[in-house]
Each structure stands twice: as structure tokens, then as C-alpha cells.
Amino acid sequence: MPEYILDWNKYTDTAIRVAEEGAVLLKNDREALPLRDGTRVAVFGRMQKNYYKSGTGSGGMVNVKHVVSILEGLKSSGTLAIDEALLKIYEDWEAIHPVDPGIGWGKENWSQDEMPLDEVVVEDAATRNDAAIVVIARTAGEDRDNTAQKGSFFLNDGEEEMLQKVCAKFRKTIVLLNVGNIIDMSFVAKYDPAAVLYVWQAGMVGGTAVANLVTGKAVPSGCLTDTIAKDLSDYPSSANFGGDDLSKDFYAEDIFVGYRYFSTFAPDKVLFPFGFGLSYTQFSLEIVDWRQVAITDVKVKIKVQNVGDSSGKKTVMLFAQVPGDRLAAPSRVLVDYAKTSLLAPGEAETLTLSCGANRYASFDDDGRLLGRTGWVCAKGTYNFYAGENVIDTTLAGSFELPEDVLLEEVESAAKPLQAFERLTISGQYEPVPLRTVEHVETRLSKLPPEIPQTGDRGIKLMDVKNGKNTLDEFIAQLSDEDLTLIIRGEGMGSPKVTTGTAAAFAGVTKELMAMGVPSLCCDDGPSGMRLDSGKKAFSLPSGACVASTWNEELNEELFTWVGIEMVSNEVDDILGPGINIHRHPLNGRNFEYFSEDPLLTGRIASAQIAGLEKHHVTATIKHYCCNNRETNRRCMDSIVSERALREIYLKGFEIAVKEGKCRSIMSVYNMINGTFGTANYELNQVILRDQWGYDGILMTDWWAYIDIIPENPFDHSLRSHAIMARSQCDLYMVCPSVERKDLLASDTYENLTSGRTDLITRTELQRNAANILRFAMDTPAMEAVMGNKPAVKHVDNPFSDDTIEAKVDKYYEINKDPVIIVEQDTSDGSDFILGVTCEKFGLYECEIVTSSELSPLAQLPMTVFYTSIPIRVVTFNGSDGQDVTTKEEFRFYNKYSIFRLHFGKCGLKLKSLKFTFKADLQSIDFDEDDW
């Protein structure tokens, strides 16, 4: 039995180093940073004590014991004198104006109102202090795009006033941006703060990292993964992001995303370029060697020397400029990068950057160069530039290609069906090539032979893993019922796996379990594990932060620790990282995603996968593909050329599959060129499986639409699993229950047994099963089935007092026994966790019986969390010890639900809950604000 050591101090230290290296210093004038020992500091901004550890939605719902705020980090540094008088003014104001996080899914506030600043307060603070720190914070996330309004992408009036007054009175004003995504940066020129530092949303230890950076215990080395333009309208996708018609986005900018656009057409529109990031020291870069090692392969050696007076790290980037006179091409394409180790003053290190044509080739989607579709290199001059960002580069070398070269001929797939025009040479537009072939129509001719069914021969899945039997021999035992049910995940909150996680899959039925198929657990990420039971987990730096490190080794190290934590919670598969492209700054989930560049995206994802796989757990990269807007995400159509798909939106996934050895992928809610990602044969079968050779699992997003948009958005009875499975999307996530009794809850079994081969065949279901079973055999859950369950030894566990177990056996069946007697004493303020099994979906009345020894003047709030989502605040009064009954209504859409009742103050004793069915789903007027 393997034993893994989870050293929480080392885990924490690694996360802090990631947060430090991910911070991006954009400005540092007047010797503002770092702050020396004994510096007297005035801290402005109400979010100094209310740090956003992550964005919102599934990617950020991590239960933590404590989040280190920026103020706490600064005070704990021991080297700064924080202005307590100013702090007291903020604390008194916030006691009357508490933070309003927003209640309900996708209803979070992007920012909080700032405290109005009196001129005298600022003047007095300036006389007492040497420097000012201004904290500005933002959040956004799943189902919650940013908007082009004050308090979201733009500063609100209170923040403008604060910056104007503070910068006018302090020579050294340091702006810290606790954000998940870039925001409007026009304030830098407008108010001229001395320093500006993106500290991102860096998880539960973010405040510690900020303090280390501000005091010089750590040195910034992060680089922007996006271009910061002068104006929001300067981004080429702005005209086609949302707008009046939310049903579709035309990707008219085509391959010219981010710096690819700005370097080619609008260099004057750039405020801070892609790759930009300052340090507390300075570096010199010298190209010491350039070689063309093959006809299209190059290698560059660059000497990086620290010529400043403090230690630091430096990232060096290599960009290609390819011929674009006949096949439009960006002026710059990132082809490689590397980061130095920590260099002391005067120390040097030589980095080697290299690339082959696969890093800069163009995808010819209409055969204009050589009459065939595929990856090509056009004849002409190829220049390679090395430097510290996309603008500050030096020509490293070049070569001439005498003829057009077809590197790889690729059968066209996934072209759009709807006509539109795309950006091309010299800023002109051209018609996009449209699809002429539907590959799904010829799918039957490409199928392998059906595996003859044998019935149960006693072969267990461990026999396959041990080499005693083949996987085909095992699959031959699966009945049509088994094949129909193995493609379904059960959740959320399935009791077959860790409590409060996203889904159980693979061994979901008694019959499959009896054959030795483990019940696999997947859980929301990517900023740490979401455990709706209330169990604590480590909250990680956000995707934007970890990518800004440009440090693959450090990412791998961090996710090695994440992997061990997953094993300790019996989680096999984390649903992340998100690797969609930052097409536009207003996408709410940019905090989860990495960059506007697909190479950086694919390589950071590959590093994280490598870290997880050291302990046989893994990542599900998501969302495949073009999930670049949250508003109306379940119904919208991303209309994009095949070339842009191949070069931009699929490339990160391709790198993670081919180089990162990814074995789990999640599809998308949205349509891509007219077909939902869940059933998109062109993407899922032709490109992913046939052309990339992927043999891992592909799952849907949760309750994703497959072929139609239901009238009721809460209708989870989405039945069209057959066309999902035939596209080789293997798992429908999720179903309320997966057992033999649920066989006809989807259309698969009836279509299979009635011979509807136009919709599904047994061979295709066997292929899905093979993908799932191959995946299952390399998991901790499989080791547990084989009697070799991994053990985890915790060292210095900060959650050692967490009494919630990974698995909770007790679920209350409210349709059989509607009264729940609460034995736990909640009067001490402790949370009450409630697992509910509900066979009959609909509206329920809940009678809540409480008591309190406090007087009726006392107000006692209780926040109701449903699957970690705050859905309601119920306020009680003291009752002088008498029992009081309060009635609330709740809607149940899933068989299994996890509720957490959080008591804001001590003194309220929860005694009992009684659920009474009121109305079924069909008779309820649905509002997405309701739960």
C-alpha cells in the first residue's frame, strides 16, 4: 500500500511562491517598491481586509479555514508601520457598510462601494506616513461576465476619488490590483501612481505573498499573459462579444487575437504589451548563438545577466514572424519561452530557446497555397525575435524558405456553416470558407468491428489491469444495459463517492461495481477542491496568476501537492484547469483561464497535469472549445473559421493532449458552428480522436444541452445521449441517479435495441466504455478495489480540527421521513451540514424549528448554502429559550443535495427541519434567481 506525505508547510510555501512569481509589476517609479524596514504606510481601500481569493462559480467555491487578506499580510510582515488611525476609520465605516457579496448563483457583485474619503483624512495620513498603498479589487466568474461599466471593467466613482486624492498627497502611492482579470488601466496615466502591481486572486495565502513582494522579501518576476490595450474598444473582438444578439458570436478577428492583432495592425493601441513585467532589479539580454538546426527548426541561446542590485528571475520569449503576403499571418507568434533561476546581482545564466515549424506553421483552411488543407509554411523570409516581451525584442536570426511546404495534410473538419467575413491581410476582410462535408454522415464506415457479447465470464477489471485478460474480453461481458448506463455520471453530490463532489462515474451501477469497476470521483477545480459538504481544502492561486509565472516547473510542483490532497479526499479527477483563450477582457471566467496565447496555455496545462499524474490522479482540461463568453453560454453559438479553431482555440488542447499526455477533457455548453460541443462529431471524433490520437475520456459539462434547448432551464432530463455517444463524447454529466431502474431516462437503450444505427451502434458504446475503463484502471479508486488503497500522512495539517469526513453515509430521505431532528448543538455558531435524498423533484416547504436564549431584540442570521452556493439569508430573533417555527420554500432539482447552514452569530439552536412537497417542476414558474 503506497503512502504519500502531504506536508502542508511545503504545500503552503509552494503556493506562496506561485503567488509571488505570478504577480506582475507594471510600474515602479520614485523608488516606491520595495518598502524598506520601518516604512510608515497608510493603507487605503475597503478591500484591504476583504481579499478575493478567487473568482466565482465552480472554479472558486473552495471552503477554507482562513484567507490571508492584504492587510493581514502587511501587518504580519513585521517590517512596516501600518497607520492604525486610518485603519480605525475604515473599520468604523465598514461596521455600518459591510461587504455585500450578492446572494445566488451568478449574482455576485463585481466590486464593493468604496468609503468616501474626506480630504482632511488623506492630508493627515500623508503627514504621518512615508507611502500609501491603495487596494482595488474585482471578482467575476461562471455565469457572471464582466461588463463595460463602472465597478466592473472600469473603476467606480469611489475608486476614482480615492486614487485622485491619495496620489495628489503621497509621493509614493502603490496600487495593488486584487483582480482575476485585467481591468481598464487608464488610471495610471491619469493619476500617476508611483507603482502598480497586479497581485491577482492568489488563493488563501495571497495576502502573505503580497506582503512579501511589497517588503522585498520576494521580487516580482511575473509577466502579462494578455495585452493591455489603451481602450476596451481597441480589442478586435469587442465588436463581436455579446452585444444585442446574445445567441451567437462571430469570431471575425479570426487568428488575430491579443498581441497577434496589436503587433500586426495596432501597435499604437497598446498600453502594456503581452509578456510585460518589471522587477526590482535589471537584466541584460545577449544573443550568443543562433542556429538553424533543420530546414524549419531553429535554436537560440540567450545570456541573461542580472545587472541590478537585488536578486531576481527573468523570462525570455522567442517570437516568429512568418510570411503573410498570400496567407495572412500575425506579425509575431510566440514559439518558445524560458525563465531563469534566481540570479544574484552580477550572476548570469544562458537560456536555450528552440522551436520547430509546428510552433509557427499556419493552417490553410481553403488550400490556397498548395491546393490542400493542412499545416503549411509559406515560402519567404522567417524572422525570429528574442526579448522580454512582444515589443522589446531583438532579431535573433532568420532563414529563407524557397518553396511552400505542406507540413501535414489534414482533412478539413468543423468549418462554419454560416457565412461571415474574417480579418485578413492589410486589415481587409474576406469570406470565411464554409463546410461542404458532414463527417458524421460517413461515420459507420469508419467504425471498428463490434466486440461479440459473451455474457458474464467472471472477468474482473483488475484482471485486465494485471494482464490476465484483454480489455476487449472484459467489454464483451457488458450487456446493452451496462453499455447504456456506463456513459452516465451521477451527481451532483452522489453518495457513491466523496460527499459533496461533482460526480461519480464508471462504476455507477451495482452490476458494474460487481465486475470490479470502481466508482470514480471527479470534483470541481481548478482553484482547489470544491467540497460541498463543508470540508476544508486548499485554495490555490487563480489560473491568471499561475500562468503569469511563466514557470512550468513551479506549476508542476504546486500540482504535485494538489494531487496528494486529492488522494486524501478520494478524488480521482479534478475538473480543471480551464484552458480557454482570453479572447476578450470581459469574459467572466478569465480568472480560471491562462492567456490570450495558446502555446503558453498548453504548456502551463501540461505542467499541471504532470504534477497531478505523479500520484495517479489527473486533470480534466476544459472547456473544449470556444467557451469565451459566460452570458447565455448554454445557448450561444461560437461561429469561427477552421483556421482560427486550429491555430488559436484548439491549439492549447492539442498541446495538452500530445505533449501533456492529458487523459480527461470536458466539452462545452455552447455550440460551435451550429452544433453543441457535447455532440460535435467534427470536433470530438474527427479532430480530437482521429487526427490527434486521443484515447482518454471526454465528458459533457454539467447538464449540458445536446441537441435542443429546453423551454425550462432547470429541466435536467436531457435524454439525447445517443448522439453524444456517437460523437465519442463518453460521459453525460450528470444524471440524478444511475441504476438499472433509470435505464430509459435517456434515449440510448431504446435506440440501440430498436436498431437505430443512424443514432447509435453497439460498437460506438463499446468504444465509449473502453475509453472510460482505460481511464479507470489508472486511478487511486482502482487501486482501492485491488486492495492497494493509497494512504496519506498529513504533516502540520491546518485543517486538523475539521471534523467533516470525506465520505458521509447519512443522507436524509425527505420523501420517506420528512422530519429531521438536529442533534448537533449549533448555538456555538458551528455549521450544520445536511445531505438530502429527494426522489420527487419540485417545490418543498421547510418548517425550521429553532430556539435561542437571547432576547427577541437579538438578530441571528442563517445563510443557506446549496451545493456551496449562498442562496438565502434567513434572519431569526432571540426567543428567550422558546421554540419558534419559521417556514421557507426550497426547490429540489437533483436526487442528491448538500445543504450547509451557516450561522453568522452564536446563540441560535437549530432543532428540527420538516420538508413538505408542494408542487412538481411542471407547475412552478421558474426564475433563475430562485432555488
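## Cavities and a helix contact in a predicted model

Strand β14 (333-339) and helices α15, α16 (642-649) and α17 each supply at least two residues of the lining of the largest cavity, where helices (H or I, at least four residues) and strands (E, at least two) are DSSP runs numbered from the N terminus. The model is predicted, so that local features need pLDDT of at least 70 and side-chain atom pairs count only at pLDDT 80 or more, while totals for chains, interfaces and linings use all residues. Residues are numbered from 1 along each chain as its sequence is written, and side-chain values use heavy atoms, with hydrogens and water left out.

A cavity is a set of points on a 1 Å grid over the protein atoms alone where a 1.4 Å probe fits but cannot get out, and lining residues have an atom within 4 Å of a point. The whole structure holds 12 cavities of 30 Å³ or more. In the largest, Arg260, Val333, Arg359, Ala361 and Glu647 lie nearest the centre, and α16 gives the most to the lining, with three residues.

| Cavity | Volume | Lining by class |
|---|---|---|
| Largest | about 200 Å³ | 12 nonpolar, two polar, five charged |

Volume here is the space filled by probe spheres set on the points, which are joined across faces, edges and corners; Ala, Val, Leu, Ile, Met, Phe, Trp, Tyr, Cys and Pro count as nonpolar, Asp, Glu, Lys and Arg as charged, and the others as polar.

Residues of α15, including Arg603 and Ile609, meet Lys651, Gly652, Ile655 and Ala656 in α17, contact meaning heavy atoms within 4.5 Å.

Methods. 1 Å grid on protein atoms, 1.4 Å probe; cavity = no way out; pocket = protein on both sides within 12 Å on 5 of 7 lines; lining within 4 Å.
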